[in-house]
Structures are given as C-alpha cells and as structure tokens.
Amino acid sequence: MKSWTKTLNLLLFAIVGTLFFVYQNSVHVSTNLLSFLPESKGKEALEIYSHFKNSKEILIASEGFDKESLSHIKTIEEKLLASHLLKLESAIVPNATLIEYTKKNAFYLKNLNKDDQPNIHEKLKTLYERMVNNPYYTVIDANDPLGYFTPKEKPIAMSIRDGHLALGDFGYFSVFSIKDTSNTIESYKAVYDLVHQELKGMQTIRVFSPTFYFVENSQKIQNDVNFLIALSTLLLLILYVFIIRNIYLLINTIVTLATSTLLSFLLIGMIWSEVSVFVLAFGNAIGALAIDYMFLYYFYGHYEHKKGFNTSAFYGFLTTFGGFMVFSWINFPLIQQVCVFAMFSLVFSYLQFVFLFPLIGFKKAHPFANFTFSLPLPYRAIALLSLLAIAVSVYFLQVDTDIKKLDYQNTALMKEEKFFKDAAKKEGYTPILIEANSIDALIAHSNTIKNRFKNATVPLSYFFDRAFYEARKQELEALHVKEKKTLIEEEATKIGFREGFFKNAYNDQLLSPSYPNLELETLNAMGFDVVQKDGHYFTYALVKNSERGLLEKFDFAYAIDAKGMFLVALQKIMHQLLLSGALSVAFNAFILFAVCRKTLALSSSYVLLPSALILTLLGLHFTIIHLFMLFIVISFGIDYGIYMGKSNHLESETKSTIVASLISAFAGFGVLVFSDIGALHYMGLVSCIGIGAILILLMGRRSH
Amino acid sequence: MRVIVLCCLFFLSLFANDSAAFKETRYLYALDKNITLEGYITFGEQNIVIEYVKPEPKVLTYFEEKLTIQDAKGYQVIDAQSMPSMNYFFMIIKAVHDENTLLLNSFFEATTQGDETVLTPKGVAAEVLEEVRIVRHEKKLHSLHVKIKNGDRITIEVMD
C-alpha cells in the first residue's frame, strides 16, 4: 500500500504527461494580445481590415536619387518579385482595367465647371496659343476643347522621380503587398525572412511592414516568456533546495506542479481554441502560489505525523480560488483564460498537497532559518493609514487604456514605421472601415466621407454611384454641348487646327456611357481594397486624427483603432470588473471577519498596506493589468493575514512558511518585472510592491 | 525684364557644367505645324536647365519633377507629374544624357544598329509614347527623335 501511494504522484504525472504529449498540438498558443479581446464591432473591423492589402504592405526605400540608388531598388524589386510571394503595388504602373474605365467615364470622374459659359472662339484660340507659345511641349484634350472638365485633386499624391515612386526627399520607394491572403503568422514569417535575406548588408535601405510586428513581437514574446519561465523555474528550484531540504519532497513537489500546469493547460485548450502565451507565464507564477499549501503542511509536520485538517491552508486556498472564480465571469477572454487556468492549477495542486502528500509521507527538515527578529509595528495605525491612502489614491486614480503599452514595445520597428509615415505624410491619420450592403452604396458612402472629411484619403471615392451618375448625366445634357460641336469644328479650323481634329469631342459615349455596374472582382482587379463578408461590403479610408470625432455622425463608418477598441471593450467590462473586484473584496473581508476577528487589524493590514502602496505608487498610470494584479495581491495578501492571525506570529514555523511563500511568490510573479512585455512587466511590478509590503509587515510583531 | 532674363541666361551659362546648343523641332499633329526652338541645354547634378533663345528667350528649369519657367513676364511653376508626356520627355533626355540604361530599360526595349538606338516603349510609357530614336555620332549624342501616340513628334538636334 505504502509503495503504491509513493508512486501515485509519479503515475499521475505520467498519465497527464502522456495526454499532454498526444494533445499538445491541438492547443494553439497565440502571442497576439488583440485576439484575446472580447468580440465587438471594433474587433470585427480590425479582422476585416487585416484582409486589405493596405494593412500588410511592405515598404522599401532606397536612399538618394542617383543611379546607384535606382539600381538598388530595381534589384530589390526584381529579387522579391521572383519569389512569387509578393506583388508590386506601384502607383505609376497603369492598371489596364482602370485605364479602360477611366477613359470610358472621363466626363463622370472629373470635376465639372458647369457655371462656365465659354466663348468658343476664345477658348480655342487660347488652346492654340498654348500649344504654339508654351516653351514646354503641351498636350491638349481633344475630347474637351472647351475645358469643362478638370481632374479631381489628390490629397496625398506620391511623388515620382525618374519614372520611379519616390518617398519624399529620401529616395526611391517601392510598395509591395503579400499575395497570400491567409493572414497566418507563417505566411508573414516567410515574407519577413525573404525580405531580410534580400536586404542583408544593404546600408542605405529602409524597410517596414505592419506584418513585421507580428513576426518580431511574436518571436520576442515567445523568447521572453521562455526566458521568464526558465528564470523562474531555476530560481524556484534553488530556493526549494534550500527551503525544503528534502530531495524526495522536492521531486514530488516539482512533479505535482508540473502535473497541475500540464493538466490545466490541456483543459483550457479544450475550452478555448487559442490560448494566450501570457497564460503560460502566469501559470508558472500560479505554481508559486500553490506551493504555499505544501509549505504550510510541511512546516507544520502534516507530512510526518497524522494531523488534523489545516484550516489556515484551506482558507488561504479558498480566498485565492474564490478571487479567481469571481474574475472568471468577466467577459474578457484574456482574463477568463488566466483565471480559469489559475483555478484549475490551484485545485489540482491543493488536492495533491493536502490529500496525497500526507499519504506519501515526508520527513520534516529543520527550519531553514529562525526568524526571531521583529519590530513593534502598530498594525491598527498601519491599517487605518492604508485605508486613508487607498481612498485618496482611488480619487486620483488615472486609468491608462493604451493597449499597446501592454504589448511588447518594439521601438526599432516603431521608429521605422514613423519614418515611413512622416515621409509619406501619413502620420496623424487613422484608418476607418466603411461598410455597405452593396458596392454602389459603398461607393456612395466613400464619396460622402470624401466630401465631409477634407483631408481624407478615400480610394473608392475615385468612382461614382448611380445617384451621381444620373445627376451628372442631367448636368451634361443641360450644357447642350452636342449642339456646339459644329461650331467648335468650324472655329477650330479657322484658328488653325487640323480639320476634323475635334470631331470626337463631346461624343455620345463620353456624354452618356451606360452606368458601369462594378463587381467586387472588377474593383479588386483594378487594385482597390474591397472585401465582402456576410453579404456586406467593406473598404477603407484614412481620416485625419483631428477629424475623427465627425465619424460618430455616420453609422456606416468606424475607426480601426486597437486603442479605441480596447477602450470600448474596457468600458463594456468595467462594471463587471468593478463588481467582481467588490465581490472579491467583500468575500475576503467576510473570511477575515469569520476567521481572524480577534486579529483584524493585523490580518487586514496584510491586504491594506500592499493595496495602498500599489495604488499610491502606480495609480497615475493604472492599466487593467495593474487592477487585475491588485486583486491577485489582495488574494494572496489575505492568505498571509490568515496564517499570521491564526498562529502565534512569533512561531518560527509560521514565519518560515511565510518567508518561504514570499520568496517563492517573488520567484513566480516577481521575476515578471524583468519582462519587456508591458502586461507581464506590470504584473511583476505590482507583485513586487505587494511582496515588499508583506515582507515589512512580517518583520513586525503586535505592540502589546 | 528682357535684360534680366538675358542676364540670367548669361550667368547660367557661366555656371553650366555640361552645356550644349540644340535645335528642337516640334511637329504638332493637332495644328499640322512645325515649331522650331533653339537654345542651350545644361545638365546639373539634380536638374536640367533649358535656355531657349529663339523664338523668345525663356528659361526652363526641371528640378524634382517641377518645371519652372522664367520669361519676360515673370515665372511660373508647373507640376510635371500632372503632364505625363512632358514628364517622360524630361526623363528620357536626362536618362540619355546620364546614359542611365537602367532607367531606360524600365520603360523601353532597346535595339541598337550602328549609331542608332531605337527605344520601343513598354508598360506605362507605351500609353503615351510610340517610339524614341537616339542617334549618336562618334559616341556623342547627335539627335533625339520622340514619336508621341497622339501623332506629335519632337526632334532635338545637338548643334556643333
């Protein structure tokens, strides 16, 4: 019986390990923070926008306008196009379908000077003189000798130098789009590798693509998480060797934590098709919390002799588990995943440490240190002052909703992005999504945006909708140009034009072409970004940030903005978050009253002081992660309050347990402070402050 | 004003680093008429300066796709990108002068026979141009003939 129970833990691990080995590929780990935001219109917009080639362009610029620079850019173009992964989206290359459309509908695509009542002789004479006297070669439009039509203005025109696209004064410029429409990290990675391989060693070349963020950040996050897990595991291992000092127990503890983590990972993989990589980093830290139960049982000799049920450990488990359970109801996938993972992990670890380990049995080693040093701390005053500090900090609290701060700050790539945006004069513009239930309506909406937003770039406003077509047709009829054709030809010949040169001017095909019903495929073939989803059509535009407020008037257009989307998502869940927070605090307060009524000031100070310090020190830039982590710190702070309240606090076992727990909590959560990823760094920062506060309290004793 | 323009021409010719006299003949199909201009062309590092002396003194400066025209009436700036034909014209003469085969190859298929190179436009250039012919004498540019799709012709002859 005894030998069977001794191997039970390893058997469990073997089963879970096998399951993990078999099913691990079915769980997709994602590094994209945005995919863990709640479903919303904004998230859908972002998803649709990712299908536009505009969202995944690759921009390459070669410095200078000399032969060498031109040679560089041409060579790069050739090499990249040879891979068949990319398509050149150069503005100067004509699109045959678009040229045909433009020729056919020239009178409908240009501005009409309908108020101009031209004197035919004067107009033709001016044309003649321009051709003869202009020092530069001048071409005239034989279809519009009276000059009724002028081209539309282009707000952000790309400049062309030596027949090549130019990026401001920097140099030659090429724009590529990715042929693969699958939007997978693998396809982005293939393009990333190809581009960087071809540009290797070229000093005067600058390159950027929004897709590079996915590749570089993903790699960086993955590396960062791996590093943190390794560091944390190593640190925990070293600590446990010194704290536990029982190699057999150490092996069993590691096996238990590994079993809990793997099983939790598999279970959340069954609930969600995509699991955030942050859950992995967080899961490792949760293991550090779970080990508290083992410390309590071990230092109190539960594994050596048969003892009664340890209520301190149970209440500690209950408060932490309860805290995560309360937050798991929040409609925010990232928080839900972290909470559910923590709940699974805590339950499995608790059950094994509390029920399985006493059966296995472990000899207790001498406490690793005696904590006899103590200060007379006024816990009541600390609790009251902390409450006051919390009230003041909450009043001045400033919530930071910038989701990008939670992600990895890829400064090198951000610098390149800014360079291209500045040079192309696109800085200060927000992409917006325009939606309609038909292509005609989409064109109409695009023109509405174009007319309403003076500085907007709206590609689809190049076209006209049926209502415009009918109106322009009537305007053209009102000009009666057909009646003027004979006079134009006569006058032109008199002035000196070749006979019959204007015979095709204002012809029927140009004055009244049939309405061009544009199909999705035609627009795509012309190079325009239009996608169809669930019977709706979408396109994009760029509007100035200062004019974004005007968007609220239109129900067919909305900004594609991760920050804004996060804000909306946050607003939607804020009441849930606050309600969960209040519930969690109330639950903790109830436990405190129920369990530590006699030591309320002492026990509550383990919750209040960490909270007060966190809010005071970090309250001016408080993100959702800070808030969430604050509640976690409250949950584990209360554990220590209970341990200290339930025991004679001078008892070295209790202090040993708490010091061991704190060190392990630092090794679990605290190391996250070294992360370059905002979300993990904030988690680490909050927990470090919390751990520091608890450590100070631990050094104290009640003033008698 | 005419004196100022002539002074400008004089100073430009002083600073010119590669100046040549030329004769330009434009055949305008719309008018069925030839127009002849004469002057000097100067290729700078970044610009092209054309100084017409006949029929009237005028200075054209082509710099960063902008054309500045100076004459007795003052000056005006034109965005060359809004006029593809003119833009190609300047691009071609600059490329021919710089012997920028890379640039020429982007827009033309070149066939050389003796002293004559015929450039057949491709892609975007084919929308506007019909043919470009470059004639060299003893490796020096002798004349440039541009046929435009609308029937116009431009011939530039370098004068000795």
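This is a predicted model: local features need pLDDT of at least 70, side-chain atom pairs count only at pLDDT 80 or more; totals for chains, interfaces and linings use all residues.
1. In chain A, helix H6 (residues 120-133) packs with helix H17 (residues 481-495) at an angle of about 45°, and their axes are 10 Å apart. Because angles under 35 degrees count as roughly parallel and 65 to 115 as roughly perpendicular, H6(A) is described as oblique to H17(A). The crossing in which H6(A) passes H17(A) is right-handed.

2. On the H6(A) side, this contact is made by A:Ile120, A:His121, A:Leu124, A:Lys125 and A:Tyr128, while H17(A) contributes A:Lys484, A:Leu487, A:Ile488, A:Glu491, A:Ala492 and A:Ile495. Sorted by class, the contact of H6(A) with H17(A) has 7 nonpolar, 1 polar and 3 charged residues.

3. For chain A, the domain assignment gives domain 1 as 57-92 + 163-208 and domain 2 as 104-155 + 469-508. Between the C-alpha centres of domain 1 and domain 2 of chain A there is a distance of 41 Å.

4. Turning to the contact between chains, 23 residues of chain A are in contact with 31 residues of chain B. The side of chain A that touches chain B draws at least two residues from each of helix H3 (67-82), H6 and strand S6 (159-161) of chain A. With 4 residues, H3(A) gives the most to that side.

5. By class, the side of chain A that touches chain B has 14 nonpolar, 4 polar and 5 charged residues.

Definitions and conventions
Residues are numbered from 1 along each chain as its sequence is written. Chains are lettered from A and ligands numbered from 1 in the order in which they are written. Axes are lines fitted to C-alpha atoms, for helices over the stretch in contact, and angles run from 0 to 180 degrees between N-to-C directions. Angles under 35 degrees count as roughly parallel, over 145 as roughly antiparallel, 65 to 115 as roughly perpendicular and the rest as oblique. A crossing is left-handed if the near helix is turned anticlockwise from the far one by less than a right angle, and right-handed if clockwise. Two residues are in contact if their C-beta atoms, placed from the backbone, lie within 7 Å. Ala, Val, Leu, Ile, Met, Phe, Trp, Tyr, Cys and Pro count as nonpolar, Asp, Glu, Lys and Arg as charged, and the others, Gly among them, as polar. Domain bounds come from an automatic or database domain assignment.
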